[in-house]
Amino acid sequence: MFVLGVTGGIGSGKSAATEIFSSLGIKIVDADVLSRVPVQKGESGLLEIEKRYGKEILLSSGDLDRKKLREIIFEKEEEKDWLESLLHPLIADLIVEEIKSSTSKYTILASPLLF
């Protein structure tokens with residue numbers, strides 16, 4: 001499977017470019033979209049985050065309180081490191097699964113960071 005990486009910061013045109021390829025039947029694997037999966041209700045990432053920070057890290061709906069989590073990880077570098085060590089492998093596994101399931105001629109991986 002040939003995988004083409006598309007990278008760039010916010011507003012650089014990754015989504016606009018990948019929409020064109022998607023309209024041509026090319027599989028797009030979007031790391032930003034997949035990064036939200038492990039912190040959804042019932043997912044292992046969110047369960048581990050809740051174990052570490054308690055119920056107060058959740059909104060009343062049971063969803064992750066992203067604002068509260070940002071405050072924690074930007075206040076303490078070790079908390080950011082812990083969160084990245086939890087989530088990055090989970091996200092990487094999702095990316096690999098998506099690439100492996102591709103049936104198009106090639107796959108495009110859109111990610112703000114590739115290396």
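Two strands count as paired if DSSP finds at least two bridges between them, and strands and helices here are DSSP runs numbered from the N terminus, with at least two residues (E) for a strand and at least four (H or I) for a helix. You're looking at a predicted model, where local features need pLDDT of at least 70 and side-chain atom pairs count only at pLDDT 80 or more, while totals for chains, interfaces and linings use all residues. Residues are numbered from 1 along each chain as its sequence is written, and side-chain values use heavy atoms, with hydrogens and water left out.

**Stop 1: the sheet**

Start by selecting the three strands, which form an open sheet in the order S1-S3-S2, with parallel pairing. Strands S1 (3–7) and S2 (27–30) stand at the edges with a single partner each, so one side of each has no neighbour in the sheet. From one strand to the next, the twist averages 25°; angles like this run from 0 to 180 degrees between N-to-C directions, using lines fitted to C-alpha atoms, for helices over the stretch in contact.

Now pick out S3, residues 107–111, joined to S2 by four bridges. Five bridges join S3 to S1.

How many residues of S3 are buried? Five of the five are, so the strand is largely enclosed by the rest of the structure. Buried means under 20% relative accessible area, with exposed over 50% and partly exposed in between (1.4 Å probe, protein chains only).

**Stop 2**

Zoom in on Thr18, which lies in H1. At 7% relative accessibility, Thr18 counts as buried. Leaving aside neighbours within four places in sequence, Thr18 is in contact (heavy atoms within 4.5 Å) with Ile28, Ile108 and Ala110.

**Stop 3: the nonpolar core**

A nonpolar core is a set of buried Ala, Val, Leu, Ile, Met, Phe, Trp, Tyr and Cys residues joined through side-chain atoms within 4.5 Å. The largest one here has 20 residues, and Ile49, Ile57, Leu64, Leu69 and Ile95 have the most contacts inside it. Helices H2 (31–34), H3 (44–53), H4 (66–75) and H5 (77–100) each give two or more residues to this core, and H5 gives the most, with seven.

Beyond its neighbours within four places in sequence, Leu64 is in contact with Val39, Leu46, Ile49, Ile57, Leu58, Leu59 and Leu69.

**Last stop: the largest pocket**

Finish with Asp32, Ser35, Leu87, His88 and Ile91, which lie nearest the centre of the largest pocket among its 24 lining residues. H2, H4, H5 and S3 each supply at least two lining residues, with the largest share, eight, coming from H5.

For the curious, a pocket is an open set of points on a 1 Å grid over the protein atoms alone, where a 1.4 Å probe fits and protein lies on both sides within 12 Å along at least five of seven lines; lining residues have an atom within 4 Å of a point.
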